[in-house]
Amino acid sequence: MKKIAFIFPGQGAQTTGMGLSLYENFESAKKIFNRADEVLKKSVSKICFEGPDELLKQTVNTQSCLLTVSIAALAALHEVSNGSIKADYALGHSLGEYSALYTAGVMDLDTTFLAIQKRADLMQKACESSAQGGMSAILGLGEDKIKECLEKASSKGLVSIANYNEPNQIVITGELEAVNYANDLIKEAGAKRVVPLAVSGGFHSKLMQSASDGFKEFALNLQLNDAKIPVVTNVDAELTTSAEDFRCKMPEQISSSVYWSQSIQRLLELGVDTFIELGSGKVLAGLNRKICPADVKTYNVFDKDSLISTVNDLTAINV
């Protein structure tokens, strides 16, 4: 029997038109989009399907749209496989963690929609009220060297690691002047590439502390359940099942590093040999190619064809 983890992408995976194929071909996915529109009182489906890109890229829209596509993909997978393809573990990258929480039964559908929208609203407000932030992806330089550079760059302001994406890709975040100075130092230290990211703020840094604090207050009244399957949480790469642990970790996640590479490694140690990325694009599958051994398979479900291919492959090998 295969050990399967469902994985869910985060901000940056969005693209106009995402989810339309699922909406048009699977009644279960259509219901998810319609419910998102009702609960959030905005046309999530139209923004996903038609954009425009500038509207979709706004944090207040990106997070709810990506979440909706991921949950729609999950619903369609269950529909087509008749529930035969099940996860042993779930995890998501940044906002993708909310899809993982839904998958594990920590929150019901409406609560998940409302929670992600609150998160997005608070993060957008934090971007507008804090110092101008930035982020850069660093390729081909070790963690220790990057941290040395960040220590020097902190003389210009707040700068830290946002994401441990894969062994050769780390994302830095913080105040724009400090990030730009860190970029120069990191280039001098021998990084293969330094790629400034088109983001509206310094996400997963202390610039998001007000959002983290606001969400902590919001989470006090969230209806949360213990997880039915373990969720590997971003803040510590640990298996988590307790509702009260999630209540603490959800606010913390907004302003702390995402330990993605470590989370995937943890699952490999537990014997996971099959990952299914549910949602827009193939970003996480790309990271998995850099993290996982060659015999570990990552499938994608983002439209009708990818869904049918995934189900046919996995049911043929009798998961």
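## Strand β1, enclosed on both faces

β1 is covered on both of its faces. Ile4, Phe6 and Phe8 are buried on one side, and Ala5 and Ile7 are buried on the other. This is a predicted model. Of the 5 residues in β1 (residues 4–8), 5 are buried, so the rest of the structure largely encloses this strand.

β1 has two parallel partners to consider. With strand β9 (residues 274–278), β1 pairs in the parallel sense over 4 bridges. Ile4 has Thr274 as its bridge partner in β9. With strand β2 (residues 89–92), the pairing of β1 is again parallel, over 4 bridges. Here Phe6 stands opposite Ala90 of β2. In general, strands of a sheet pair through backbone hydrogen bonds, either parallel or antiparallel.

## The nonpolar cores

Phe6 also belongs to the largest nonpolar core, a set of 72 residues. Phe6, Met107, Phe215, Met250, Ile276 and Leu278 touch the most other members of this core. Helix α5 (residues 59–81) supplies the largest share, 11 residues.

Met250 is itself among the residues that touch the most other members of the largest core.

## The antiparallel sheet

An open sheet is built from 4 strands in the order β4-β5-β3-β6. Its pairing is antiparallel. The edge strands, β4 (159–166) and β6 (193–196), each pair on one side only. On average, neighbouring strands in this sheet are turned by 25 degrees against each other, with direction ignored.

β4 and strand β5 (residues 169–175) run antiparallel and are joined by 6 bridges. Ile161 has Ile172 as its bridge partner in β5. Helix α8 (residues 143–153) packs on the sheet. α8 touches β3 (133–139), β4 and β5. The direction of α8 makes about 160 degrees with that of β4.

## Helices α7 and α10

The axes of helix α7 (residues 109–129) and helix α10 (residues 209–219) come within 8 Å. They cross at roughly 150 degrees. α7 is therefore roughly antiparallel to α10, because angles over 145 degrees count as such. The crossing of α7 past α10 is right-handed.

Residues from both helices form the contact. From α7 come Leu114, Ala115, Lys118, Arg119, Leu122, Met123 and Ala126. They meet Ser210, Ala211, Gly214, Phe215 and Phe218 of α10.

Not counting residues up to four places away in sequence, Gln124 touches Thr59, Val60 and Ser200.

Glu217 lies in helix α10. Its relative accessible area is 58%, so Glu217 is exposed. Glu217 and Leu66 are 151 residues apart along the chain. Their C-alpha atoms are separated by 24 Å.

## Backbone exceptions

Most residues other than glycine have a negative phi, and most peptide bonds are trans. Lys41 is not a glycine, yet its phi is positive, about 55 degrees. Lys41 is found in the loop between α2 (27–40) and α3. With 73% relative accessibility, Lys41 counts as exposed.

Ala237 also has a positive phi, near 55 degrees, in a residue other than glycine. Ala237 is found in the loop between β7 (231–232) and β8 (239–240). Is Ala237 buried or exposed? Ala237 counts as buried, at 7% relative accessibility.

Gly51 and Pro52 are joined by a cis peptide bond, with omega about 0 degrees. Pro52 sits in the loop between α3 (44–50) and α4 (53–56).

Terms used
Residues are numbered from 1 along each chain as its sequence is written. This is a predicted model: local features need pLDDT of at least 70, side-chain atom pairs count only at pLDDT 80 or more; totals for chains, interfaces and linings use all residues. Side-chain values use heavy atoms; hydrogens and water are left out. A nonpolar core is a set of buried Ala, Val, Leu, Ile, Met, Phe, Trp, Tyr and Cys residues joined through side-chain atoms within 4.5 Å. Buried means under 20% relative accessible area, exposed over 50%, partly exposed in between (1.4 Å probe, protein chains only). Two strands pair if DSSP finds at least two bridges between them. Axes are lines fitted to C-alpha atoms, for helices over the stretch in contact, and angles run from 0 to 180 degrees between N-to-C directions. Contact means heavy atoms within 4.5 Å. Angles under 35 degrees count as roughly parallel, over 145 as roughly antiparallel, 65 to 115 as roughly perpendicular and the rest as oblique. A crossing is left-handed if the near helix is turned anticlockwise from the far one by less than a right angle, and right-handed if clockwise.
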